[in-house]
2 protein chains.
Amino acid sequence: MDDDLLSGHLQELRRGTVVLACLALLRRPGYGYALLESLDQAGFPVEANTLYPLLRRLEKQKLLESVWNTDESRPRKFYVTSPDGERLLRALLEDWNSLTTAISTLREGNEQ
Amino acid sequence: MDDDLLSGHLQELRRGTVVLACLALLRRPGYGYALLESLDQAGFPVEANTLYPLLRRLEKQKLLESVWNTDESRPRKFYVTSPDGERLLRALLEDWNSLTTAISTLREGNEQ
């Protein structure tokens, strides 16, 4: 099995969890760059060129809100999870629970 | 938040788990149709028109092997997880463990 095939399937398993992790971490307002580090520390390593378009997409979908901080010489945008984002996050966490139960059951019945 | 947006994100969260579930269930050889039912019972509801192309893709990637059963008047194809599929399954289950830990930690730090 070649590495691309393996990493493609692993990426597919992780893709949806990055949205979940962003929405959870951005309950506290944060900058894209800081989020990149928090995601990494939290066990969701993501490339900057994957994260930034994702943040813009989530903002467009009104799941994140953004504010410009103009206190510093170079204005920076920070993001925070919107009320809709909070609703989606709760739905994702609930679904994650169902998936976890389903996968544990698969394992028990099948792992031997 | 509209339903399409919600279900799109939920689907994204589940997509990779369907491959994991197929590979686990097909450790015991099975037909596509029977697998559709087992997946549903195991908590991974999938549409036939999603599952069949997925099975063909996994076969093409040599993660599943297929055999024709010609005992009956109408030949039927059954699938079984290949050695490569078994390796991928183990990698996916391991990654699932890491993700589960990461998401629990997110929750603890952030759920209040």
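Exposed means over 50% relative accessible area, buried under 20%, and partly exposed in between, with a 1.4 Å probe and protein chains only. Helices (H or I, at least four residues) and strands (E, at least two) are DSSP runs numbered from the N terminus.

This is a predicted model, in which local features need pLDDT of at least 70, side-chain atom pairs count only at pLDDT 80 or more, and totals for chains, interfaces and linings use all residues. Residues are numbered from 1 along each chain as its sequence is written, chains are lettered from A and ligands numbered from 1 in the order in which they are written, and side-chain values use heavy atoms, with hydrogens and water left out.

**Exercise 1. Helix α3(B)**

Describe the span of α3(B), then sort its buried and exposed residues.

Step 1. Take the length. α3(B) has 13 residues and reaches 18 Å from its first C-alpha to its last. That is close to the 18 Å expected at 1.5 Å a residue. The expected span is 1.5 Å times one less than the number of residues.

Step 2. List the buried residues. They are L51(B), L54(B), L55(B) and L58(B). Seen down the axis of α3(B), they fall within an arc of 105 degrees, so they line one face of the helix. The arc is that of the directions from the helix axis to the C-beta atoms.

Step 3. Turn to the other side. N49(B) and K60(B) are exposed there.

Step 4. Find the partners of the buried residues. They pack against α1 of chain A. In chain B, they pack against α1, α2, β2 (64–69) and β3 (76–81).

Step 5. Zoom in on one leucine. L51(B) is in contact (heavy atoms within 4.5 Å) with C22(B), G32(B), L35(B), L36(B), L39(B) and V46(B). Residues up to four places away in sequence are not counted here.

**Exercise 2. Helix α2(B)**

Which residues of α2(B) are buried, and what do they pack against?

Step 1. Pick out the buried set. G32(B), L35(B), L36(B) and L39(B) are buried in α2(B). Seen down the helix axis, they fall within an arc of 110 degrees, so they line one face.

Step 2. Look at the face turned away from the buried side. It carries the exposed residues Y33(B) and Q41(B).

Step 3. Name the neighbours. The buried residues of α2(B) pack against α1, β1 (30–31), α3 and β3 of chain B.

Step 4. Check what comes next. G43(B) follows α2(B) and has a positive phi, near 95 degrees.

**Exercise 3. The largest nonpolar core**

How many residues does the largest nonpolar core have, and which elements give two or more residues to it?

Step 1. A nonpolar core is a set of buried Ala, Val, Leu, Ile, Met, Phe, Trp, Tyr and Cys residues joined through side-chain atoms within 4.5 Å.

Step 2. Count. The largest core has 64 residues. Those with the most contacts inside it are C22(A), L39(A), L51(A), L39(B) and L51(B).

Step 3. Assign the elements. Chain A gives α1 (3–25), α2, α3 (48–60) and α4 (83–110). Chain B gives α1 (3–25), α2 (32–42), α3 (48–60) and α4 (83–110).

Step 4. Check the cysteines. C22(A) is buried, because its relative accessibility is 0%. C22(B) is also buried, at a relative accessible area of 0%.

**Exercise 4. The lysine at position 62**

Where is K62(A), and is K62(B) buried or exposed?

Step 1. K62(A) is in the loop between α3 and β2 (64–69) of chain A. K62(B) is in the loop between α3 and β2 of chain B.

Step 2. Read the backbone. K62(A) has a positive phi of about 60 degrees, although it is not a glycine. K62(B), also a residue other than glycine, has a positive phi near 60 degrees.

Step 3. Judge the exposure. K62(A) is exposed, with a relative accessible area of 58%. K62(B) counts as exposed because its relative accessibility is 59%.
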